[in-house]
Amino acid sequence: MKYQNLLGISLTALLAISCSQNQKPIKEEINLMIKAEQVAEHKGQPVFHYVLDNGTMQVEMSNYGGLISKIITPDKNGKLENITLTLDSVAEYLTKPNPFFGATAGRVANRIADAKFTLDGTTFELAKTNGNNHLHGGVEGFNKKVWTPETYSNDSVVGVKLTHLSVDGEEGYPGNLETTLWMELTADNTLRIRFESKTDKKTILNLTNHTYFNLGGIKRDVLDHEFQFWADAYTPVDDELIPTGEVKDVTGTPFDFRTPKILGDQIEANAGGFDHNMVMKMQKSSDMKHFVKVRHAESGRVMDMYSDNNGVQFYTSNFLKNFAGAEGKTYDQYWGFCLESQNWPDAINHDNFPSPILNPGEKYLHTIEYRFSVEK
């Protein structure tokens, strides 16, 4: 069954699908469901709130900003709770400033030093949105665009396909850039995010999702979470959080999460939180790599992150303070963590970093998976 394009239409659909013999079933019968409701209009375009449901967990998202607004998963006792920092409604994202909760960041996620870069002798000036630097795509990056949506399904997933054309010169970037973003929930509790882009001029690109997670159900900070990274190195930064160009071995540093570590202990050892690029063990670029495992003992929730990219920005909400979040909760420092699979920050200004350049005729491809489970 293929759902029709939802542009301007509200739709509720229910699929009852049995697991194939090759799948490990969550339960004897899996109900895959997708709901859509138009909740606002922005610049003449309809904004939808979607709920993806596999019978065990739900993902709530929107075509505004390609954002994930909630991820609702069971704890070890079966209690369902939202595990992302968010606002009370998708419509609120249109008017209330927030630190990129759940958003798609682009054209270039993370920082570009001095808000400029050079391609083939031409210097491109960008907006300074983070001190003297450029952050997450500019004043009106991908997180503030209304994407064109279309729902879809097959025998094991439900999802929303989003498309956006970023025109030549938008936010200072060269080239007409066509991007397709798929967000889907699988029958086996995986949230999969896929990007595909092409350009008609040489440009730079680095896309990611900026969800803030809290596996404890947003009751307090995440300092009691246990992290394990498959990372042998990281990229040190200066006072403005711009990489220095060094790629440093994690051995003997607070960045060594190669064996499981409690976050609070590592933050104390680092004299503050993390906002750094962790360098993943190099494999073929197309391989899905196990980046991170996060455990929360009290709730029993576990999240494993996989990606085909070569770095992950590890951010522990250091700058989040006294923020009025959803359900009357006040989010504060260390109340969430981000695992932003992406190319390395400021890569265009460092010849020794993986190149962020996209040429005409090439395809930018990037897949992220967050796999959820429970340990008793």
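Residues are numbered from 1 along each chain as its sequence is written, and side-chain values use heavy atoms, with hydrogens and water left out. Because the model is predicted, local features need a pLDDT of at least 70 and side-chain atom pairs count only at pLDDT 80 or more, whereas totals for chains, interfaces and linings use all residues. The average pLDDT (the predictor's confidence in each residue, from 0 to 100) of the protein chain is 91, and 91% of the residues score at least 70. Over residues 1-28, pLDDT stays under 50. For this segment the model has 66 contacts (heavy atoms within 4.5 Å) beyond four places in sequence. Where pLDDT is low, the predicted coordinates should not be read in detail.

Secondary structure was assigned from DSSP runs, with helices (H or I) of at least four residues and strands (E) of at least two, numbered from the N terminus. Two strands are taken to pair if DSSP finds at least two bridges between them. Strand 3 (residues 45-53) is joined to strand 4 by five bridges in an antiparallel arrangement, and Asp-53 has Gln-58 of strand 4 as its bridge partner. These strands form a hairpin with four residues between them, and Gly-55 in the turn has a positive phi of about 90 degrees. Strand 4 is in turn joined to strand 5 by four bridges, again antiparallel, with Glu-60 bridged to Lys-70 in strand 5. The hairpin of strand 4 and strand 5 has five residues between the strands, and Gly-65 takes a positive phi near 70 degrees.

Burial was classed by relative accessible area: buried under 20%, exposed over 50% and partly exposed in between, with a 1.4 Å probe and protein chains only. Five of the five residues of strand 4 (residues 58-62) are buried, so this strand is largely enclosed by the rest of the structure. Gln-58, Glu-60 and Ser-62 point one way from strand 4, and Val-59 and Met-61 the other way. In strand 5 (residues 68-74) lies Ser-69, which counts as buried because its relative accessibility is 5%. Beyond residues up to four places away in sequence, Ser-69 touches His-49, Glu-60, Met-61, Thr-84, Thr-86, Val-90 and Tyr-93.

In one, nine strands follow the order 12-13-14-15-30-24-23-18-21 with antiparallel pairing. Strand 12 (148-153) and strand 21 (261-262) stand at its edges, each with a single partner strand, so one side of each is left without a neighbour in the sheet. Within this sheet, strand 24 (residues 301-307) and strand 30 (residues 364-374) pair in the antiparallel sense over seven bridges, and Met-305 stands opposite Tyr-370 in strand 30. The other sheet has five strands in the order 20-19-22-25-28, also with antiparallel pairing. Its edges are strand 20 (248-249) and strand 28 (338-341), each with a single partner strand, so one side of each lacks a neighbour in the sheet. Two bridges join strand 19 (residues 231-235) to strand 20, and Lys-248 in strand 20 is the bridge partner of Tyr-234.

Most residues other than glycine have a negative phi, and most peptide bonds are trans. A cis peptide bond, with omega about 15 degrees, joins Gly-106 and Arg-107; Arg-107 lies in the loop between strand 7 (103-105) and strand 8 (111-112). Glu-171 has a positive phi of about 55 degrees and lies in the loop between strand 13 (157-166) and strand 14 (177-186). With a relative accessible area of 21%, Glu-171 is partly exposed. Glu-327 has a positive phi of about 60 degrees and is found in the loop between strand 26 (323-324) and strand 27 (330-331). Glu-327 counts as exposed, at 55% relative accessibility.

Lining residues have an atom within 4 Å of a point. Grid points are joined across faces, edges and corners, and a volume is the space filled by probe spheres set on the points. Of the 13 residues that line the largest cavity, the closest to its centre are Val-108, Trp-344, Asp-346, Ala-347 and Pro-356. The second largest pocket has a volume of about 370 Å³. Its lining comprises 19 residues, of which Tyr-93, Pro-97, Asn-98, Asn-143 and Lys-144 are the closest to its centre.

Notes
On a 1 Å grid over the protein atoms alone, a cavity is a set of points where a 1.4 Å probe fits but cannot get out, and a pocket is an open set with protein on both sides within 12 Å along at least five of seven lines; lining residues have an atom within 4 Å of a point.
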